[in-house]
Amino acid sequence: MLVTVNPKSDEILLTSIPRDYQIRMVNHGNQADKITHTGFYGTEDTIGAVEDLLDIKVNYYVKVNFTTVIKFIDAIGGIDVYSEYTFRPVKMPSYIVSKGMNHMGGQKALAFARERKAFEEGDNQRIKNQQAVFEAMIKKATSSKTILLKYNNIITALSDYIEMNISSQEIRSLVKLQIAKSPNWKIEKITLKGHDSSTGTYSTGSTPCYVMAQDADSIAEAKQKINQIMTDGE
């Protein structure tokens, strides 16, 4: 997920790239692969592929795992998430997600964000749910000065489960901005589109595997939207 933030216009854009989306491995001779496979080679390969795909510069990254999500959401007192469907997550069958707003702790939010088998749209709906969880996290974390002032304790508690290149000074500046300005962030969400394909990749060699082939119009639309968010308020 690429997050574009404009603190001048109070806008945030979430751009999701499907896990099987076809990209170029710019650090490996521009060979074709899918975005999820870049994780085999390291963060810089993932960043390079995203920068090449969307013609942007990624300034910061945050790398998390399942435990990070659970602990962060629990640390901020849970989140309120809107679900488009009523369903039981495969990873937590005892829990029923109701259509509409749901208050979720970390474990429930993770089960909600990981689910795909319960939906006809499969991974497309999972992406929407992941965006809904991320949006809820942003809204909860920025809505309370109490939570904002505890940011250092929260980050310290997550230190074993998070990797990022944002300095403590930069985080402090963002927190001060949020407290002083109290912006009402406008959050938009988009997802790159593509079509089913099968081909060999850098990771699999000549052995074909499923990939989501690129849709040029979708990529162009995402580039335009990212640029718009970046330049608003200038």
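**Stop one: a nonpolar patch**

Select Met1, Val3 and Val5: together they make a nonpolar surface patch of about 230 Å². A patch here takes residues with over 30% relative accessible area and no salt bridge, joining nonpolar side chains (Val, Leu, Ile, Met, Phe, Trp, Tyr) within 5 Å and like charges within 9 Å. Areas come from the Shrake-Rupley method with a 1.4 Å probe, and for residues only the protein chains shown count as cover. Val5 sits in strand β1 (residues 2-6); helices (H or I, at least four residues) and strands (E, at least two) are DSSP runs numbered from the N terminus. With 41% relative accessibility, Val5 is partly exposed, a class lying between buried (under 20%) and exposed (over 50%).

Before moving on, note that this is a predicted model: local features need pLDDT of at least 70, side-chain atom pairs count only at pLDDT 80 or more, and totals for chains, interfaces and linings use all residues. Residues are numbered from 1 along each chain as its sequence is written, and side-chain values use heavy atoms, leaving out hydrogens and water.

**Stop two: salt bridges**

How many salt bridges does the count come to? It comes to ten, each being a side-chain nitrogen of Lys or Arg within 4 Å of a carboxyl oxygen of Asp or Glu.

- Select Lys181 and Asp10, whose closest N and O atoms are 2.9 Å apart in a salt bridge. This pair links distant parts of the chain, 171 residues apart: Lys181 is in helix α7 (residues 168-181), and Asp10 is in the loop between β1 and β2 (11-16). Lys181 is partly exposed at 36%, while Asp10 is buried at 15%.
- Next, show Asp20 and Lys34, which form a salt bridge (3.1 Å, N to O). Asp20 lies in the loop between β2 and β3 (22-25) and Lys34 in strand β4 (residues 31-34), so parts 14 residues apart in sequence are tied together. Asp20 is buried at 12%, and Lys34 is buried at 9%.
- Then pick Asp52 and Arg24, another salt bridge (2.7 Å, N to O). Asp52 belongs to helix α1 (residues 43-54) and Arg24 to strand β3, so the pair joins parts 28 residues apart in sequence.

**Stop three: helix α2**

Select residues 66-75, helix α2, where Thr68, Val69, Ile70, Phe72 and Ile73 are buried. Just after α2, Gly77 takes a positive phi of about 85°.

Conventions: Buried < 20%, exposed > 50% of the residue type's maximum accessible area, 1.4 Å probe, protein only.
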